[in-house]
Amino acid sequence: MKMTRNFIYIIAILFSFTAFSQDNSTEEEGPISIEQQFDYLLEKANSYKEFKVIPKVKLAKFKGEVLDSLKDIRSELERAEGKIGTLQGEITSLQSNLASTNEKLDLVNQEKDSINFFGSQTSKASYKSIMWAIVGGLLALLAFFIFRFWRSNMITNQTKHSLVETQNEFEDHRKRTLEKEQKLMRRLQDELNKRS
């Protein structure tokens with residue numbers, strides 16, 4: 001009986017070595033997911049009636065791997081949150097830069113679309129309207145002064161013509177008056193000569 005007991009112990013030890021070597025071979029293949037490890041643990045667990053009997057060593061190893069995975073996930077989550085915070089800060093900075101750039105662009109566009117006219121910014125359309133109004137006003141003044149000059153020139157020419165006519169008439173009148181005077185003087189002389 002002792003021999004059968006020893007034989008059973010030897011078979012149990014060989015069986016555990018075989019199971020342990022199979023466990024190591026799955027680990028050497030590469031990292032596997034927690035779900036795959038859990039499935040493997042349930043698959044390799046012994047069954048006792050309706051229960052699964054899992055060795056404490058395997059359960060502790062599984063727990064350690066789960067905790068390590070959770071720790072990795074938490075650290076990755078913290079790094080991601082840090083990156084998100086940094087990116088949000090950069091986004092906020094970029095948005096403020098964009099807003100200031102848009103304001104500067106609006107000012108540049110306003111300056112581009114306006115002209116400094118008598119110390120105030122005036123839009124180009126208003127400036128053109130003002131300039132054309134000034135040009136129109138100047139042309140109207142020019143036309144007015146040309147009309148006045150033409151009218152004055154016409155009046156001056158008429159006046160010169162009238163003056164020439166008046167001078168001619170005056171000259172004619174003077175000649176006639178002189179002739180009359182001469183005639184009268186002759187008559188007077190003749191009369192004086194007759195009386196003397």
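**Entry 1: Gln 37**

I began with the contacts of Gln 37, taking contact as heavy atoms within 4.5 Å. Leaving aside neighbours within four places in sequence, I found Gln 37 in contact with Ile 32, Phe 62 and Glu 65. The model is a predicted one, in which local features need pLDDT of at least 70, side-chain atom pairs count only at pLDDT 80 or more, and totals for chains, interfaces and linings use all residues. I number residues from 1 along each chain as its sequence is written, and side-chain values use heavy atoms, with hydrogens and water left out.

Gln 37 has its place in helix H2. Helices (H or I, at least four residues) and strands (E, at least two) are DSSP runs, numbered from the N terminus. Is Gln 37 buried or exposed? Gln 37 counts as buried, at 15% relative accessibility. I use buried for under 20% relative accessible area, exposed for over 50%, and partly exposed for values in between (1.4 Å probe, protein chains only).

**Entry 2: H2 against H3**

I then looked at how helix H2 (residues 34-44) packs with helix H3 (residues 56-112). The angle is about 170° and the axes are 11 Å apart. That makes H2 roughly antiparallel to H3. For reference, angles under 35 degrees count as roughly parallel, over 145 as roughly antiparallel, 65 to 115 as roughly perpendicular and the rest as oblique. The axes are lines fitted to C-alpha atoms, for helices over the stretch in contact, and angles run from 0 to 180 degrees between N-to-C directions.

Which residues make the contact? From H2 I listed Ile 34, Gln 37, Phe 38, Leu 41 and Lys 44. From H3 I listed Lys 58, Leu 59, Phe 62, Glu 65, Val 66 and Ser 69. The residues of this contact divide into six nonpolar, two polar and three charged. Here Ala, Val, Leu, Ile, Met, Phe, Trp, Tyr, Cys and Pro count as nonpolar, Asp, Glu, Lys and Arg as charged, and the others, Gly among them, as polar.

Glu 43 counts as exposed, at 58% relative accessibility. From C-alpha to C-alpha, Glu 43 and Ile 54 are 9.9 Å apart in space and 11 residues apart in sequence.

Val 53 has its place in strand E2. Its relative accessible area is 40%, so I noted Val 53 as partly exposed. Apart from neighbours within four places in sequence, Val 53 is in contact with Ala 45, Asn 46 and Tyr 48. Val 53 and Leu 42 are 11 residues apart in sequence, and their C-alpha atoms are 8.7 Å apart.

Pro 55 is found in the loop between strand E2 (51-53) and H3. Pro 55 is partly exposed as well, with a relative accessible area of 38%. Its C-alpha atom is separated by 9.4 Å from that of Leu 41, 14 residues apart along the chain.

**Entry 3: Asp 113**

Where does Asp 113 lie? I found Asp 113 in the loop between H3 and strand E3 (114-117). Asp 113 is partly exposed, with a relative accessible area of 43%. Leaving aside neighbours within four places in sequence, Asp 113 is in contact with Thr 122, Ser 123 and Lys 124. The C-alpha atoms of Asp 113 and Ala 125 are separated by 8.7 Å, and the two are 12 residues apart along the chain.

**Entry 4: the chain as a whole**

I counted four helices and four strands in the protein chain. From the N terminus on, the elements run α-α-β-β-α-β-β-α. Buried residues make up 4% of the 196 residues. Of the contacts with a separation of 6 or more, 20% are between residues 24 or more positions apart.

Last, I checked pLDDT, the predictor's confidence in each residue, from 0 to 100. The mean for the protein chain is 81, and 84% of its residues reach 70 or more. Confidence is lowest in helix H1 (residues 2-28), at a mean of 48, and highest in helix H4 (residues 124-195), at 91. Over residues 14-28 the pLDDT is below 50, and this stretch has six contacts in the model beyond near neighbours in sequence.
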